[in-house]
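This report looks at the charged side chains of a protein and at the surroundings of its ligand. Please keep the sequence and the model at hand while reading.

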Amino acid sequence: VCVTPSHQSPLGMAMSLPRRRELLNWAAARQAVVIEDDYDGEFRFTARPLDALKTLDRDGRVFYVGTFSKSMLPALRLGYVVAPAWAREALVAAKHASGLGAPALTQAAVADFIAEGHLLRHVRRMRTAYAQRRRVLEQMLGRHLGGQVDVLPAIAGLHLAIALRNGVDADELTRRAWAAGVGVEPLSRYWVGEVGMQGLVLGYGGISAARIPEAVRRLSRVLGTL
Ligand SMILES: Cc1ncc(COP(=O)(O)O)c(C=O)c1O
C-alpha cells in the first residue's frame, strides 16, 4: 500500500493517528508493506507533525520515501528511502539494475548543502514564503470564488485542492483556465476509473504571492463562462 499520510496527494488532508495505527494493523494482518510517501512534509504550516508511519512501525513494514523535488528542485532527480533492514540489499540491487544509481556528483553536492546547514535555512525561508502564498490564495478564493468552491483542508505542502460546486466540469474549466494563462490541474488526473469529485489542484510552488490575486480573478472569470 502506498500512502501520503502527511499531506494526502492530491486532496491535502493529513491521516489521523488512529487511521495510521489502523493501517499498520491492517498491514500486519496481511503481511503487507507500506510505502510512506512524504513528498512535501517539510512545508507544514501548523502545529507539530503527527508521528510518521515509519516512527509507529514496530515490525519493519514501512518504507519511508522522501524527495528533494519539493524542498529543493525537481530537476535534481534525487530522493531517498528509509527502508527496513531486511529490504536494503534488495533495494540497492534493484536501483543498480534500474540504471546504475543516482548521479554521484549531485549527491555529493546535496550532501554538502545539507551538512553546511543550507537546506535547513532554505526550507525555513521557503516555509514562510509558501505559507504567505497559501494565505493569499485562500483569501482570494474566498473573495472571488466563495460559494462556488470548497477549499479542502490542508496543513502542508505546495498546493491546495478545491472542490467545484454546481456540477461544473473540472476538465473543461482546466482547458479554459490554461487558455486564460492560469495553469491548474483537474482532480480527474489523479483518479483511476470513475472520477469521484469535480475539482482542481492549485499549485503555488512556482508563482509569487503578488501574482496570485490576478490568477484567481482570471479563474473566477473563466468559471463564470461555464
Ligand atoms: C505524491 C508525490 N510523491 C512524490 C513526488 C516527488 O516525486 P519525484 O521525487 O520523482 O520528483 C511528487 C511530486 O510532485 C508527488 O506529487
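## A network of salt bridges

A network of salt bridges links E214, R217, R218 and R221, where a salt bridge is a side-chain nitrogen of Lys or Arg within 4 Å of a carboxyl oxygen of Asp or Glu. Helices (H or I, at least four residues) are DSSP runs, numbered from the N terminus.

E214 is partly exposed at 30% relative accessibility, and R217 is partly exposed as well, at 34%; buried means under 20% relative accessible area, exposed over 50%, and partly exposed in between, with a 1.4 Å probe and protein chains only.

## Basis of the values

The model is predicted, so that local features need pLDDT of at least 70 and side-chain atom pairs count only at pLDDT 80 or more, whereas totals for chains, interfaces and linings use all residues. Residues are numbered from 1 along each chain as its sequence is written, and side-chain values use heavy atoms, with hydrogens and water left out.

## Other salt bridges

The structure holds 9 salt bridges, among them the pair E22 and R19, whose closest N and O atoms are 3.9 Å apart. These two residues, E22 and R19, lie 3 residues apart in helix α1 (residues 17-29) and are therefore separated by about one helical turn. E22 counts as partly exposed at 47% relative accessibility, while R19, at 52%, counts as exposed.

A further salt bridge brings together the side chains of E185 and R189, with an N to O distance of 1.9 Å. R189 is exposed, its relative accessible area being 58%.

## Surroundings of the ligand

The ligand is surrounded by S9, D37, Y39, T67, S69, K70 and R77, a residue being near a molecule if one of its heavy atoms lies within 4 Å of it. By class, the residues of this shell divide into 1 nonpolar, 3 polar and 3 charged.

A polar side-chain atom of D37 lies 2.5 Å from a nitrogen atom of the ligand, a polar side-chain atom of S69 lies 2.5 Å from an oxygen atom of the ligand, and an N or O atom in the side chain of R77 is 2.8 Å from an oxygen atom of the ligand. Taken alone, the ligand exposes 400 Å², of which the protein buries 60%, with accessible areas coming from the Shrake-Rupley method with a 1.4 Å probe.

How values were computed
A polar contact is a pair of N or O atoms within 3.5 Å; within protein, one must be able to donate a hydrogen and the other to accept it, and residues adjacent in sequence count only if both atoms are side-chain atoms. Ala, Val, Leu, Ile, Met, Phe, Trp, Tyr, Cys and Pro count as nonpolar, Asp, Glu, Lys and Arg as charged, and the others, Gly among them, as polar.
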